[in-house]
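Colleague: Please put the model on the screen. I would like to go through a few of its features one by one.

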Amino acid sequence: MKQMRGIRYKRWICMSAWLFLLFVGSCTQADVENGDISPHILKDVDAGFHLNVLASRAPVTRSITFTPEGTVDTDSLAVGDRERIGTRAPSVDEVQESKIAGLWVGQYDALTGTLLFNKYFASLTDNTVNIKLKQSREGAQSHVWFIANAGDLGEIGNEKKLKEHVLSYASTENGWPENNLCGMTGMWEGVVQEEGEKNITVELTRLLAKISFTYAIGGNGFSFTPTSVSLKSVPQKSQVDAPESQLADMTYTSYAGTADKNGATMYWYLPENMAGTVKTEYAVDLEKKKTGKGVTHATFIELTGTAVQGEVTYENVTFCFYPGSDKNNYDIVRNSHYTMNVTLVGIDVSDERITVGKIPPIEVTEGNMPAEKGGTKEVQITARPGQAWSFDLEEWLSAVIEGKEAGTGVTVSHQGPAKVSFQAVSSNPKAEERSVSFSVNVNNDPQTITITQEGSTLTKGNDISLDAASGSEGSSTCKVTKGLQWQVVMSGEDWWGWSDSNPVSSGDESDGGESPLKVKSLSSNPLAQERMGKITVAAGASFSDPTYPGLKGEIIVKQAGSTVEGSTVELEPVAASNQSSSFTATPGLAWAAKVTQGDWLTLTGSTWGSTTTGSAQDITFDAKVNPTASLRSGEITVRAGNETGGPTGVITVNQKASSLTASINPVTALAAIAGAEGTYTMNGTSGLLYSFTAGFPSWLTVINNTASTEGGTTNGFDQQLTYQTASVNPNGTERSVTVTIKAGNISKDVTIKQTASEFTVKGVGIIPAEGGSATGSITATDGLEWTVYPETSNNITVKPTNGRGQATLEFTASANTGEERIGAFKVKVTGASPIREINISVTQEAGEILVPAVLGKLQVCKTEAPGYPAWEEGNEYCNELQKEGYDDWRLPTKNELLTIFSNKQALLAVEGFIGFQSTSYSSSTEGSNKDYHWRVHSVTSRGDEVSLMQASVVRCVRDIIVPSQLNEW
């Protein structure tokens with residue numbers, strides 16, 4: 001900005017000077033400002049330039065062939081490999097690489113570096129440019145800079161800043177210029193003469209370097225599958241003047257390449273990267289050691305993928321290639337074309353440019369080597385190509401490597417990856433695994449290989465089971481690992497042996513198959529328990545060394561225990577003779593029989609024998625009558641074979657339950673009178689002794705029988721007793737007796753009942769005051785005796801005072817001149833238990849009415865309720881009545897109405913007493929249900945039940961409680 005202000009100031013001075021010269025003449029000295037000559041006072045002269053783009057330099061062309069044996073650096077691809085490159089990425093063509101689309105031109109004073117002139121051409125039709133430069137002052141040289149395809153740099157005040165000016169660079173992810181143009185720079189140095197300059201040639205240098213990378217894949221036993229190709233550490237800026245080292249604050253990126261299993265060619269463009277030349281301790285003497293140590297951000301090509309060599313898969317294998325002029329130079333110089341051709345036919349592990357991200361461990365096929373002779377096990381040695389390794393073989397192992405066989409007990413040596421097939425030359429003599437381990441130095445990493453042979457096996461078949469009878473046969477098997485010696489040995493008593501059809505029982509070398517083992521019994525088993533022997537099978541080490549148990553097995557030979565199978569006999573409950581039963585036992589054994597349960601059984605036939613037949617054999621016996629009401633069982637035990645431990649069988653004799661029944665007729669209770677009859681019937685299994693353990697009471701008499709009350713023997717038919725009541729039942733409750741009969745061990749209870757006798761007293765009237773009588777009635781069962789006492793109570797006398805059955809009682813009294821009197825009497829049944837009696841109260845009316853409107857202890861209202869109210873209304877009327885000085889009025893009961901109507905004349909004599917209507921009056925007595933009530937007719941004294949809704953006349957009453965009230969009206 002200061003320079004711009006100076007230029008404007010100079011222009012103002014020149015304008016002023018020009019105006020001055022119009023009047024006084026021309027300037028006589030140069031206009032100087034800050035020691036510089038203003039470019040505005042310099043003369044413009046024509047200049048013509050031809051821009052020539054220099055060809056790219058080729059600092060290095062490198063061809064590298066990677067083989068398992070080593071890396072070969074040549075100047076060309078291997079013969080025949082170039083044709084295998086299947087992918088070629090296009091590049092910017094040569095015309096486009098040299099095309100100038102835009103141009104910035106700047107003229108600087110060579111001595112002071114001051115900007116004299118600058119101009120930007122946004123478009124050029126060819127490589128010729130005509131411009132007006134400032135004439136050099138007094139022969140001073142100028143530097144004219146040409147910056148192509150970098151845009152308008154604007155006004156850069158001095159040449160030093162121009163040289164240090166940093167240009168940003170935009171590219172595609174594949175490494176091409178984003179605008180498909182290469183930035184360029186060139187500079188002409190000379191004196192700009194007054195007559196101008198024509199046809200000046202200026203050499204332009206590209207600001208970008210170009211890298212061509214080709215890779216091909218081939219080789220027997222080798223494959224490589226690329227996963228990524230990229231150019232790393234690519235600068236993102238360049239400087240107008242070529243720097244000698246990397247620019248500060250540089251950012252770096254990566255370019256993507258083409259990953260193809262058939263190979264590919266790709267081109268990248270990038271700004272220069274002056275990473276430098278290594279001269280320190282990191283300097284190397286071979287290209288294969290060029291790994292970027294000693295520099296930073298050096299540009300390199302990275303090829304990553306998976307390699308398979310010698311049947312070993314190496315993951316994350318990376319090849320790194322650093323362009324440069326030699327093995328220690330890492331510079332990427334502008335306008336240089338770096339060519340690198342790579343052929344992959346193997347991996348040279350000594351080449352430090354190759355890294356393997358994951359070297360697989362030694363691969364041993366899953367599982368153990370089979371135990372048998374000839375068993376194999378494969379091991380993949382994953383050594384780097386060329387890596388030497390060796391191991392020693394055990395005596396029981398041989399090995400085959402790449403078709404070459406190595407015998408037992410030798411040292412095996414090899415180089416690089418290889419598949420080793422181990423083979424067992426003998427079967428494992430033991431049941432335990434046997435192993436051999438040896439160390440193999442793989443890739444400078446000692447690794448242990450362990451070959452484990454499975455333990456041999458001896459598989460015995462199922463145990464052998466023989467039937468209990470002599471001559472039964474059975475078989476089993478044994479199976480031994482192939483190649484082992486084996487033998488079977490019998491042990492046990494002399495009751496069994498090899499079957500006539502049994503094959504050989506030993507062998508020098510097993511064929512690995514199952515060998516049958518067949519045996520038979522030589523005698524019947526005299527015991528109920530099984531008896532056993534065993535077959536011992538031994539193989540391998542157990543065959544040669546009896547103390548080693550690993551390959552030894554036992555097959556148990558079992559003979560089933562002999563059996564005796566009884567039977568079951570079903571008998572009726574009566575006694576029986578010469579009954580038959582049977583048993584079946586294992587043949588060829590002695591036998592004996594006896595009763596072991598049930599003293600009611602007796603053997604009647606043969607009880608022993610010398611030989612069982614295997615078929616049913618008979619046993620006979622007698623049985624007694626069953627005295628119980630449940631099934632009973634007895635047992636006859638048959639033993640065969642040895643007296644101790646021999647088999648036994650049980651003949652079960654089931655005798656059905658005996659029966660006893662007892663019943664009465666009628667089953668209902670007898671009448672309460674004397675002489676009521678019934679029948680007792682019993683029936684029991686024939687042959688049972690019976691007796692009555694609980695007899696008949698005195699009020700029952702047995703009058704006829706076919707069964708004796710003293711006991712006897714049942715005959716299987718009905719046996720009867722006829723009985724009758726001896727007296728009337730005096731009790732008010734039913735009386736009964738339980739008669740128990742027992743036949744054998746069976747008891748039966750029968751209850752005989754007599755109903756309660758009837759006994760009631762009712763209908764006792766009222767004796768008039770003037771004297772007379774009243775009666776009551778006694779209702780009693782015929783023959784029931786009763787007594788009335790006392791004979792006289794409160795001047796009232798009763799007759800009769802005793803009797804039997806039905807009777808009428810008469811109560812008499814002389815005239816009563818005083819208050820009402822009551823006589824108290826009791827009627828008692830003779831012989832009843834508990835005491836059975838009824839209380840009777842007899843009333844004689846008072847001698848005179850003390851108050852006309854009072855009947856006894858009842859006061860009758862002089863008036864009636866108005867109208868004919870329904871029951872609810874009439875009841876409410878009386879309850880709420882306030883009349884004659886009292887408020888405790890109520891509806892009369894049915895009996896109270898009868899008393900009132902019986903004494904109408906006395907009540908009508910009371911002054912003010914309103915007479916009764918000839919109709920029915922309501923009472924408080926409830927009818928047969930709550931919705932009805934009783935009413936009584938005033939003339940007929942007849943009562944009836946009517947609905948509560950029925951209208952009737954209402955006359956209220958109240959109770960006289962205090963005697964003084966009797967005189968109150």
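Modeller: In helix H6 (residues 894–902), the buried residues are Glu896, Leu897, Ile900 and Phe901. Buried means under 20% relative accessible area, exposed over 50%, partly exposed in between (1.4 Å probe, protein chains only). Helices (H or I, at least four residues) and strands (E, at least two) are DSSP runs, numbered from the N terminus. The model is predicted, so local features need pLDDT of at least 70 and side-chain atom pairs pLDDT 80 or more, while totals for chains, interfaces and linings use all residues. Residues are numbered from 1 along each chain as its sequence is written, and side-chain values use heavy atoms, without hydrogens and water.

Colleague: How many residues apart are cysteine 878 and cysteine 956?

Modeller: The structure holds 1 disulfide, that is, a pair of cysteine sulfur atoms within 2.5 Å. This disulfide joins cysteine 878 to cysteine 956, with S to S 2.1 Å. Cysteine 878 is in helix H5 (residues 871–879) and cysteine 956 in the loop between strand S72 (943–947) and S73, so the pair links parts of the chain 78 residues apart.

Colleague: Is cysteine 956 buried or exposed?

Modeller: Cysteine 878, its partner in the disulfide, has a relative accessible area of 0%. Cysteine 956 has 1% relative accessibility, so cysteine 956 counts as buried.

Colleague: Which strand gives the most to the lining of the largest cavity?

Modeller: A cavity is a set of points on a 1 Å grid over the protein atoms alone where a 1.4 Å probe fits but cannot get out, and lining residues have an atom within 4 Å of a point. Of the 13 residues lining the largest cavity, Gln246, Leu247, Met250, Glu272 and Asn273 are the closest to its centre. With 3 residues, the strand that gives the most to this lining is S16 (residues 237–239).

Conventions
1 Å grid on protein atoms, 1.4 Å probe; cavity = no way out; pocket = protein on both sides within 12 Å on 5 of 7 lines; lining within 4 Å.
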